[in-house]
Amino acid sequence: QEFVLQASINTNRMLGRVGRNIVNQSQHVQKLLQVPGLQKMSQKWSSEWVDLYGGQGSPYTRKVQSALRYKKIPFTQHTLMPGDMMGDWEERGFGQIKPKVIPVIKYSDGTAQNDSTFIFENVEKRYPSRPIVPKDPLDSFLALLLEDMFDEWGTKLMFGMRWLKEKDQNWSGIWLIYDFQLGTDSLYKSVQKWEGCLAPDRLDG
């Protein structure tokens, strides 16, 4: 418990220093953005920037993150729980999306969609550079077949490793709750509420 609290305090201190550095460097950034080449790059980024909603513990969210990074599409990560568990899908503009599974991607034109497989398909059309699906028809078929197999069945192995043993259940359950509370004031209250629930051997080192 002390480890978790100290880690949270250290993280806050680090973020404070980072925030101050960002403020201190803002004037320099503004000057840099006056450079014609950087202005063009900034305009390109602003037209491609997307928002990705999901959780770090979600394999499907991490899958889309990997694709966006590979295609060099800039994005901002936001926390969103599946099933509208926090009742915030409507206020985020996702009330019409069904089923309410993560991740959800919101494009620069304001449109949004979910389901990692369909996100891949749309991202390929919108951003054709650095394709994630091969152009050759046979290679494309095999790639999509493998994607579907691991999407539906490979994750079962991952979930098994996450939940089969009691110490993994304790660790994963608390870690996932922390994951979905990042950026909220509930995190520190939860540390006290779930005191002793974390598997001690997972905190060593």
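Me: What should I know about the model and its numbering?
Reply: Residues are numbered from 1 along each chain as its sequence is written, and side-chain values use heavy atoms, with hydrogens and water left out. The model is predicted: local features need pLDDT of at least 70, side-chain atom pairs count only at pLDDT 80 or more, and totals for chains, interfaces and linings use all residues.

Me: How many aromatic pairs does the structure hold?
Reply: A pair of aromatic rings is described by the distance of the centres and the angle of the planes. Rings of Phe, Tyr and Trp (its six-membered ring) pair if their centres lie within 6.5 Å; planes under 30 degrees apart count as stacked, over 60 as edge-to-face and the rest as tilted. The structure holds two such pairs. Y53 and F94 have ring centres 4.9 Å apart and planes at 80°, so they are edge-to-face. W89 and F94 are also edge-to-face, with 6.2 Å between centres and 75° between planes. Y53, W89 and F94 form one cluster.

Me: Are W89 and F94 buried or exposed?
Reply: Buried means under 20% relative accessible area, exposed over 50%, partly exposed in between (1.4 Å probe, protein chains only). Both W89 and F94 are buried. Y53 is buried too.

Me: Which residue lies over the face of F120?
Reply: A charge sits over a ring if NZ of Lys or CZ of Arg is within 6 Å of the ring centre and within 35 degrees of the ring normal. K63 lies over F120, 5.1 Å from the ring centre. K156 lies over the face of W153, at 5.5 Å.
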